[in-house]
Structures are given as structure tokens and as C-alpha cells.
Amino acid sequence: MSSPSSAAPAPGKPPASSTTSATVSVSPADAARASTRPDRLSSIAPTTSPHNDQSDEARSVLSTLNDDGSRRWIQPKLSEGRFLTRRRIVAYLLIALFVALPLIHVNGKPLIMLDVVARRFHLFGATFLPTDTLLLALLLVGTGLTIFWLTALFGRVWCGWACPQTVYMEFLYRPIERLFEGSPGRARKGWLQTSGAGKLLKYPIYLACSFALAHTFLAYFVSWDQLRHWVFGSPLDHPVGFGVVMLVTGAMMFDFSYFREQVCIVVCPYGRMQSVLLDRHSLIVRYDQKRGEPRGRKQGKPGGDLALPVLGTADRTGDCVDCHLCVTTCPTGIDIRNGLQMECVNCTQCIDACDAVMTKLGRPRGLIRYSSTAAMEGKPLSMLRPRVVLYPMLIALVFTLFTLVLLNTGVADVTVMRGLGPPFTMLEDGRVLNTVRVKIVNRTDAPAEFRIALSGLDGAEFKPLADPVLIKAGEMVTTPAQVLVSGSAFKRGHAEGQILISGPKNFSYTSTLSLMGPHTAAEPKETRP
Ligand code: SF4
Ligand code: SF4
């Protein structure tokens, strides 16, 4: 596995600048170098900026591609600031929550668990079976609409603050990498960082984290008892389980040590839907172009201190000093000054980086800030827009339907079907044989007995394969049954009765049973002695 080399500011090499985000020091040399050098960072082509008329086609494809199509490794500088502090708190709380969720039980069931093996989904105390098509469809639609609504309001707040990919990458794997390899733009400290051994030694730590993460992930899909058995038992006792754990560990390792931001940029469909989910009033991370442009330091003081712009003078520049800190801190390698981009996960690192620069220069913070396209154009922020009103109405409707359907689900689901094979069979004694299948799903959390009976057909004989039918919790059993009816009971080839299924908690289900037979009743055959 190849190791990511520094891509900020120049991939494969430590940056020449001593600029750090913790103590921002923007030297004139740095600013000049950043604004004039022809490397790949300065070539990220703004589509709207007057500074970047030469559109860079490679950047217009992917921010993580070099001009020759090879991977541009991103090693973002860490930018300390108010948003990073808040994100850290949220991230570590979420990591604890991700671990705890499968362990928390409501009504004796895990709070969230998609038990694939047992084909049962537990969500907040309710159990869903694969037969709950309507419930699951309503749940999916409701969740989708909620995501649409939150995105319309707050942009990609999920991606930047709560997505497990971001949380684990930025607050677990990336800190480990910085500990072992050093941070871009900072002097390397200690043997691990200076000798370069950390580049290799970080992998065993990654592996241990991935192993632990794989178990956290699997706890959402297999029961905790099962997982404990996998952890403490010999792999030889459960080779399939062991294989699954190893596979997921490998996937985690691949993701967090190699694939990284590509998940957000290339794989995740959510980012690609932004253009339809966002509107001009959605809150997103924006660069204030009016305030920032024309970017660059004031001309005429080479080698001197960074000059502040003097309003009203001909050589006035905007507040952006083109230091590129917002670019080198970006985990997806984009330049926020180019406007809204699919790759932006709203991680707020560029806000912290730029705020530090502005503070250092004695200018107001917020050149990059949470804002909306409309607000950037001087229009008032509007929270009441058609989609923002329509989404909650639809969400309320869908979840009301969901609740009603959920409340109406009983102890069992019953389906009565015709048997396989010929529609009916004439017996020698003149009776007609029909076969039926009774499918019962036990929706309770305990094994239950169900009885099957027939009524409404005089002289009929009903022979289920099993009666009572014992069904385990959440399981489904299909019982075949034979119905023997006199041929005279059929009118125009049809006879009708009632099938009754009873079970625990006074469960009772009645269904009309249509039987097929001859159009004229067959005479009983004479039995010769
Ligand atoms: S927006 Fe801020 S951080 Fe980015 S280049 Fe301009 S001054 Fe530097
Ligand atoms: S542009 Fe800013 S908010 Fe968007 S991903 Fe990059 S650093 Fe994060």
C-alpha cells in the first residue's frame, strides 16, 4: 500500500512555508509564492475568479487528480479554530454513540440493528420483518425526505459533522497519521517523525483501529451475542464469521489508509445530488467574493510586511491575501474560492484557516463563512421557501402513515395460498381434494403456537400437516393442508369455506377459502366385494 505523500502545498515534499494553522504566520514571501507559483495548488482553476482565467481542465475533472491523471494525495494542514473545536466534541461523542447504539436495548431489543442472518430489523424498539414491505418503504421514503429537507436548510451538514467516514477519517486516522508522520507545514518532532519510520509504523495502528471498527460496524448486523462469540471463540469454530470480520477489517483499512476522500468524491451519491437538493438560501460554506476579490497582497512592498489594503487607493486589493491556507487545509483538495463545488463536504476547515489569517491581519473574520448564495448577493436569508415548507409536510404525512401501519400490525401475518400442483383431485369415494398452503409469520418476540381450522363447508375434512403450528419468534412457517369436500358441495366448479387461524394474545384471522372442483358432482364408484 503506498503511503500518501504530502500534497500541501506540494505533493511529496514538505511545504517550504513555516505557516501553520495554529499560529498563523503569513509571510509576504509565502503569499507571493502562493499567488505566483505554477504548481498544482495554484493551478486549481477558479471558474469565477478574475485571477484564474486560465481554466485548469484537470481540476475541472477532479480535485484529487494530477495533470497526468495520477492520484494527487491530499494531506491537509490542520487548521485549529472555533469550528474544529466544536467538530472535535461532536465527533468524539459520535464515535462513542456509534459504539453504544447496538448495545442499547429498548423493550429487550437493540436500539438499531439490521439482523441480516435472522432477517429482522430492529429500530427504536420496533421489529421489522422482510415481509413488512410497506413499512420499510415508508421508512425509507421518510428518511430520504428528511435528508432532503435538512440539506435544503443546512447544506451538507451531515457530511462535515456527522458522517462516519468524515468522523473516523478526520478524528481518528488523520490524527494518528499526524502523530506518526508529522503535520504538513510543521517541523517534524521525535524519532518517529524525523526518521520516517512513522510512515510504516502507523499501519499496525491503522490495522488495530480497522479491526475494532469492523466489530463496531458488524454489531449493527449481527447480534451482540453472536459477535461476542466471534471475538472470543476460536476462528476454527466460526470460519464464516471470522472471514466476515477479516473482510470488513480489510475494507476499513483500504478506505481509511488508501481510498480516503475518494469515498466522498467518487463513491458517495449524496454529493452528486447537491445541485438539486440545495437552493440559493441553503446554508453552506461560502467564500465572500465581494469582500475577498481582487485577491492578493498589495503591490509595491516586496520583501516587506504584508500590506493591508488602503480603501480608496488605486491598488486596493480585496481581503483575500491569496495565502492558499484555505486550499491546503481542505481534505478534498478544492479551492472554496471557486464557489460551490461537489467535492466540498462542508467540513469548515477553510473557515478556521481563513479566520486565523484575518485575525492575524486585524481584519474581521468570516471571509469564508457559513452563508447562502442569496446572502452573498446581499439578499436576506429566507427560511420560508417552498421546498422547506413542502418537505416537512410530506415527512409528517409519510411518518403518520408509517405509525398507523405499524400500530395495525398484529401478532402475526397470515397468507392463505393455493397448493402447488393440479387445481383439484377427484378421489375414488367421490370427494374432491384441494391443497392449500397457510403462511404464518410470528411477529412476536417469543415462540408461539397457531391453530388452523376450517368452517363453512358441511362434511369437509381438513388435514393440515401440523396443528398446532409452532413458530419461533420472528420466523415464518408455511404449512400445507388438504381439504376434502364432497363433490356435491361444488356449484359450477366452485365451493367456498372459511379458514380460521388463531394464536396467542387472542389473535384471530379469518379468510375466505375458495376451492375448485368438478362442474358436475362425480358419482361415487361402486365398491366391489
Ligand atoms: S480565502 Fe482566506 S485562507 Fe483562503 S487564500 Fe484568501 S485569505 Fe487565505
Ligand atoms: S472547501 Fe472548506 S468546507 Fe469544503 S471541504 Fe474544503 S475545507 Fe471543507
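Two strands pair if DSSP finds at least two bridges between them. In strand 13, Val469 is the bridge partner of Phe450. The model is predicted: local features need pLDDT of at least 70, side-chain atom pairs count only at pLDDT 80 or more, and totals for chains, interfaces and linings use all residues. Residues are numbered from 1 along each chain as its sequence is written, and side-chain values use heavy atoms, without hydrogens and water.

- Four strands form an open sheet in the order 13-11-15-16, with antiparallel pairing. Strands are DSSP runs (E, at least two residues), numbered from the N terminus.
- Strand 13 (469-471) and strand 16 (507-516) are the edges, and each pairs on one side only.
- From one strand to the next, the twist averages 25°. Axes are lines fitted to C-alpha atoms, with angles from 0 to 180 degrees between N-to-C directions.
- Strand 11 (residues 448-455) runs antiparallel to strand 13, joined by three bridges.

**Cysteines**
- The structure holds zero disulfides (cysteine sulfur pairs within 2.5 Å).
- For Cys159, the nearest cysteine sulfur is that of Cys268, 6.1 Å away.
- Cys159 counts as buried because its relative accessibility is 6% (buried is under 20%, exposed over 50%, partly exposed in between; 1.4 Å probe, protein chains only).
- For Cys264, the nearest cysteine sulfur belongs to Cys163, 6.3 Å away.
- Cys264 has a relative accessible area of 15%, so Cys264 is buried.

**Helix 18**
- Leu401 lies in helix 18 (residues 386-407); helices are DSSP runs (H or I, at least four residues).
- Leu401 is partly exposed because its relative accessibility is 40%.

Definitions and conventions:
Chains lettered and ligands numbered in written order.
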